[in-house]
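Student: I would like to go through this structure and test each label against its cut-off. Can we take it step by step?

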Amino acid sequence: MLHDESSTEFGAISPMMEMGAYEWLWQQEQQGERKVSFKVLAELFRDHPGHWPSELVSTTDAQACAEEVLARLRKRGVKSFSVRMQGAGDYPEGLKDAEHPLQFLYYRGDWDLAYAPRRVAVVGTRNPSPEGLRRTSKLVSLLVKEGVTIVSGLAKGIDTMAHQTAIERGGDTIAVIGTPIDQAYPKENTGLQERIARDFLLISQVPVLLYARRPPSVNRLFFPERNITMSALTQATVIVEAGETSGTLIQARAAFKQGRKLFILESNFQNPKLTWPRRFEEQGAIRVRDFDDILANLDASAAAAQG
Amino acid sequence: MPVPPLLKVDGSNRGDHHYLEEEHKCFFFHEYTARKGYAHSDGNGLVINLKKSVLLKGQPQYKYKGQAIATCAAMLRAALEKSAWVFNDATIAPIPPSKVSTHPEYDDRMMQIVAKACDGKHADVRNLLQQGQSYDASHMQADGQRKKPQELEALYTLLAPAPKKTVILVDDVLTTGAHFVAAQSVIRTAFPDRKVLGIFMARRVPTNPFEDFDAL
């Protein structure tokens, strides 16, 4: 008896082919009339329910892109990585709360951390004040003591301090980066990124091939996108310090849209140059005068979710 | 939890499994990271419950093992049903556990999973390989002491009757791939025309590449 390939393969999905198809879709830059984006791709898959990326791309194209990604990652010293796909196992439900849920992402490290019982994003400006850094360190130390996994974006400033403190205090941390899985930004965080990939969890939704051939000015657009993922991956976001135009505010808006808690440290309200703290407070953000306010609210929401 | 689709071991992940080559056809449902023994993700929770020692029988936590066996059987059944010819044309067999059947820690969880998955299908489901002696399970051993495929091959004997055209070997966690490679080799030596496939409940993702490096 002869069997065609599909009937011998248990309906199995090849992560490599999905990766290649996903990368190919991004490579097109255009999807019909529109520039390809997470929004456009999420809509593409919404319009093709139950379809995998590989079903929308030719096998030859997907294979070629996949091989190119593998060659690139190998060359850049990424020995082991894996992927998460909507529709396959171990894709956290929370990620579907994002306005444009990710079809596909790359990770390195311990995926179990994405399911840690308490996950809080600690984020803020790339150019923090000394007090901002001190507050980050104090806040993260306290959260780690309570067994909270610290999620941040591995940017300069508050993010870096959040990851570093979590590690120093023996806690767990997840970095959701705005660069592909093989690249660090800023460069001086390369060591920290490797440490997180090895001992904790590093996540990237950024397509490897498109990023490699576009200029930094365009690639910058991936940074705010990962803020949305960071929020979706956590139960709450804490803004330590942020300016009026900070990318952190994108995460604040995403947190509201996704039904996540948003905490804003009191010091932001005391800064007369800032209008966003009050604006977000009116929308339901929680003002943090005492770090215990965060834990009390976090547990209240966890209890509500269970009951 | 919806039943997850089966995933392929392919060029993107084969490097995590030292003994697997392109010729080895292996599949998995979940990914498993053993880093700190956490079990929050579906994959980790499933594997940790599945591996609970049979010596815990009678204790309250043992029920999770039964649930994990049922979950695995349902996943496997759903996947096999997508290639329903296997119920007629394949021999479906567990990779032998580390302990022989007379050992107090003998655990037939994989046989239970395979039997449940094929329940009512009249498939050729059975132990195809017998193991000569017990050894410490891979996950209990220091990495350096793990058995190599050639050592495992020497422990395996084939049980009659001859397998059907395709052999599907089922195991819980794909680590280095040594057991699968050994089992395939024993089968193909005796029956060169048989196709051998591996289906694993989870593949182990090495979180620290140096860990694995030491193992080899």
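Student: Which residues does A:Asp182 touch, not counting residues up to four places away in sequence?

Tutor: A:Asp182 touches A:Arg72, A:Leu73, A:Arg76 and A:Val78. Keep in mind that this is a predicted model. A:Asp182 sits in the loop between strand 7 (173-177) and helix 7 of chain A.

Student: Why is A:Asp182 called buried?

Tutor: Its relative accessible area is 8%. Buried means under 20%. The value of 8% falls under that limit, so A:Asp182 is buried.

Student: What makes A:Arg76 and A:Asp182 a salt bridge?

Tutor: The closest N and O atoms are 2.8 Å apart. The limit is 4 Å, between a side-chain nitrogen of Lys or Arg and a carboxyl oxygen of Asp or Glu. The Arg–Asp pair at 2.8 Å is within it, so the label holds.

Student: Where in the chain do the two partners lie?

Tutor: A:Arg76 is in the loop between helix 4 (59-75) and strand 3 of chain A, and A:Asp182 is in the loop between strand 7 and helix 7 of chain A. They are 106 residues apart, so this pair links distant parts of the chain.

Student: Why is A:Arg76 called partly exposed?

Tutor: A:Arg76 has a relative accessible area of 41%.

Student: Why is A:Thr234 called buried?

Tutor: A:Thr234 has a relative accessible area of 1%. That is under 20%, so A:Thr234 is buried. A:Thr234 lies in the loop between helix 10 and strand 9 of chain A. Among the residues that A:Thr234 touches are A:Arg119, A:Val120 and A:Arg260. A polar atom of its side chain lies 2.9 Å from the backbone oxygen of A:Ser231.

Student: How far apart are the C-alpha atoms of A:Asp182 and A:Thr234?

Tutor: They are separated by 24 Å. Along the chain the two residues are 52 residues apart.

Student: Why does A:Asp299 count as partly exposed?

Tutor: A:Asp299 has 38% relative accessibility. That lies between the 20% and 50% limits, so A:Asp299 is partly exposed. A:Asp299 is found in helix 14 (residues 292-306) of chain A.

Student: On to chain B. What makes B:Asp107 and B:Arg109 a salt bridge?

Tutor: The closest N and O atoms are 2.8 Å apart. The cut-off is 4 Å, so the Asp–Arg pair qualifies. B:Asp107 and B:Arg109 also belong to a network of salt bridges with B:Lys51, B:Lys65 and B:Asp172.

Student: Are B:Asp107 and B:Arg109 buried or exposed?

Tutor: B:Asp107 has a relative accessible area of 9%. B:Arg109 has 13% relative accessibility. Each value is under 20%, so B:Asp107 and B:Arg109 are buried.

Student: How do you know that B:Glu31 and B:Arg203 form a salt bridge?

Tutor: The closest N and O atoms are 3.1 Å apart. That is within 4 Å, so the pair passes. B:Glu31 is in strand 2 (residues 25-32) of chain B, and B:Arg203 is in strand 8 (residues 195-204) of chain B. B:Glu31 is buried, and so is B:Arg203.

Student: What joins the side chains of B:Lys8 and A:Glu9?

Tutor: They meet in a salt bridge of 2.9 Å, N to O. Across the interface of chain A and chain B the rule finds three salt bridges.

Student: How much area do chain A and chain B bury between them?

Tutor: About 3300 Å², with 52% of it on carbon and sulfur atoms. A:Phe10, A:Asp90 and A:Asp112 supply 23% of the area that chain A buries against chain B, more than any other three residues. The contact takes 41 residues from chain A and 43 residues from chain B.

Note on methods:
Residues numbered from 1 in each chain as written. Chains lettered and ligands numbered in written order. Predicted model: local features only at pLDDT ≥ 70, side-chain atom pairs only at ≥ 80, totals over all residues. Heavy atoms only, no water. Contact = heavy atoms within 4.5 Å. Buried area = accessible area lost by both parts, 1.4 Å probe. Helix = DSSP H or I, 4+ residues; strand = E, 2+ residues; numbered from the N terminus. Buried < 20%, exposed > 50% of the residue type's maximum accessible area, 1.4 Å probe, protein only. Polar contact = N/O pair within 3.5 Å; in protein donor to acceptor, adjacent residues only side chain to side chain.
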